[in-house]
Amino acid sequence: MEFTKMNGLGNDFVVISGYSELPENVSQLAVKWCNRFFGIGADGLVFILPSDRADVQMRIINSDGTEAEQCGNAVRCVAKYVYDRDENKRAAITVETLGAGVQEVQVEGESGKASAIRVDMGEPVLRGLEVPSTIDADVVLNEPVEVDGVTFHFTAVSMGNPHCIIYVEDAPNFDLGEWGPKLEKHPLFPNRTNVEFVTVRSREYADMRVWERGAGPTLACGTGACATLVASVLNGHTERTAVISLKGGELGIEWNEGNNRVYMTGPAEEVYRGIISL
């Protein structure tokens with residue numbers, strides 16, 4: 001099987017195209033190929049499939065074999081993959097996702113390759129039971145969650161997948177390995193959750209580190225950056241447009257007040273292509 005290794009700010013993927021549907025053993029393939037010692041190595045396995053609703057459909061399987069509803073960095077990688085191979089170099093591409101429906105992507109090209117990619121990530125889901133969490137509230141804002149005797153306060157946001165945003169004093173040096181997996185699987189989150197630890201530096205800038213559901217610590221999370229901006233606006237920490245700094249780089253995020261939609265702008269890269277046995 002031919003594959004392309006891609007990444008969005010270091011959040012990396014094995015991208016497969018040319019198939020009409022997912023293989024039956026896709027979970028096992030994801031675990032095998034995403035292994036960084038015995039496989040290709042990646043945070044997830046992405047299949048680009050045909051779609052009746054959009055230019056392409058994206059399906060993403062985490063490195064632990066579970067399927068993710070959505071992934072902002074993967075959407076940018078898919079858009080770049082399509083744009084770079086499109087003879088007509090269409091600046092507008094639509095991508096169907098499992099959790100966020102059809103997403104519109106705007107691509108800026110340079111020398112025939114996608115450079116900057118802006119994704120309409122849709123409207124955030126704030127109602128607690130729909131994120132989902134077990135809290136029945138219109139907005140889950142600064143709610144306490146206790147882990148091993150330590151109490152954190154979180155805001156819950158879904159961007160097609162669930163996020164738990166927690167503000168800390170020093171996000172870049174926060175112990176993800178200690179607290180990430182415990183919060184991911186906390187009973188408050190029936191489908192588990194992505195966990196973002198955030199330090200706000202100004203009204204237009206915040207540091208974020210992420211523990212991704214099904215993948216662990218990653219260098220970047222596009223939906224997490226979007227959820228972080230939404231949570232930061234709701235908590236009064238930032239403006240509606242801000243830069244979210246991740247370990248792998250920066251993303252520009254806007255939560256448009258007029259249409260309630262979140263827009264993400266950032267890069268995507270193709271690293272190499274190869275062939276791997278099934």
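Student: Is Asp148 buried or exposed?

Tutor: This is a predicted model, in which local features need pLDDT of at least 70, side-chain atom pairs count only at pLDDT 80 or more, and totals for chains, interfaces and linings use all residues. Residues are numbered from 1 along each chain as its sequence is written, and side-chain values use heavy atoms, with hydrogens and water left out. Buried means under 20% relative accessible area, exposed over 50%, and partly exposed in between (1.4 Å probe, protein chains only). Asp148 has a relative accessibility of 58%, so the residue counts as exposed.

Student: Which residue forms a salt bridge with Asp148?

Tutor: A salt bridge is a side-chain nitrogen of Lys or Arg within 4 Å of a carboxyl oxygen of Asp or Glu. For Asp148, the closest N and O atoms of the pair are 2.5 Å apart, and the partner is Lys182. Because Asp148 lies in the loop between strand S9 (143-147) and strand S10 (150-158) and Lys182 in helix H3 (residues 176-184), the pair ties together parts that are 34 residues apart in sequence. Helices (H or I, at least four residues) and strands (E, at least two) are DSSP runs, numbered from the N terminus. The partner, at 31% relative accessibility, is partly exposed: Lys182.

Student: How many residues apart are Glu96 and Arg53?

Tutor: The side chains of Glu96 and Arg53 meet in a salt bridge, at 3.5 Å from N to O. Glu96 belongs to strand S6 (residues 92-97), whereas Arg53 sits in the loop between strand S3 (44-49) and strand S4 (56-62). Glu96 is buried at 14% relative accessible area, while Arg53 is exposed at 54%. The pair links distant parts of the chain, and the separation is 43 residues.

Student: What is the distance between the closest N and O atoms of Asp12 and Lys5?

Tutor: Asp12 has a relative accessibility of 8% and therefore counts as buried. Lys5 is buried as well, with a relative accessible area of 9%. The two residues form a salt bridge, and their closest N and O atoms lie at 3.3 Å.

Student: What is the volume of the largest cavity?

Tutor: Rolling a probe the size of a water molecule over the atoms shows where empty space is left. On a 1 Å grid over the protein atoms alone, a cavity is a set of points where a 1.4 Å probe fits but cannot get out, and lining residues have an atom within 4 Å of a point. Grid points are joined across faces, edges and corners, and a volume is the space filled by probe spheres set on the points. The structure holds one cavity of 30 Å³ or more, and the volume of the largest is about 110 Å³.

Student: Which residues of the lining lie nearest the centre of the largest cavity?

Tutor: The elements that give two or more residues to this lining are strand S2 (11-17) and S4. The lining consists of 15 residues, and those nearest the centre are Asn62, Ala68, Gln70, Glu212 and Arg213.

Student: With which residues is Gly65 in contact, leaving aside its neighbours within four places in sequence?

Tutor: Gly65 lies in the loop between S4 and strand S5 (67-68), and its relative accessibility of 14% makes the residue buried. Gly65 and Val31 are 34 residues apart in sequence, yet 5.5 Å apart in space, C-alpha to C-alpha. With contact taken as heavy atoms within 4.5 Å, the partners of Gly65 beyond those neighbours are Ser27, Ala30 and Val31.

How values were computed:
1 Å grid on protein atoms, 1.4 Å probe; cavity = no way out; pocket = protein on both sides within 12 Å on 5 of 7 lines; lining within 4 Å.
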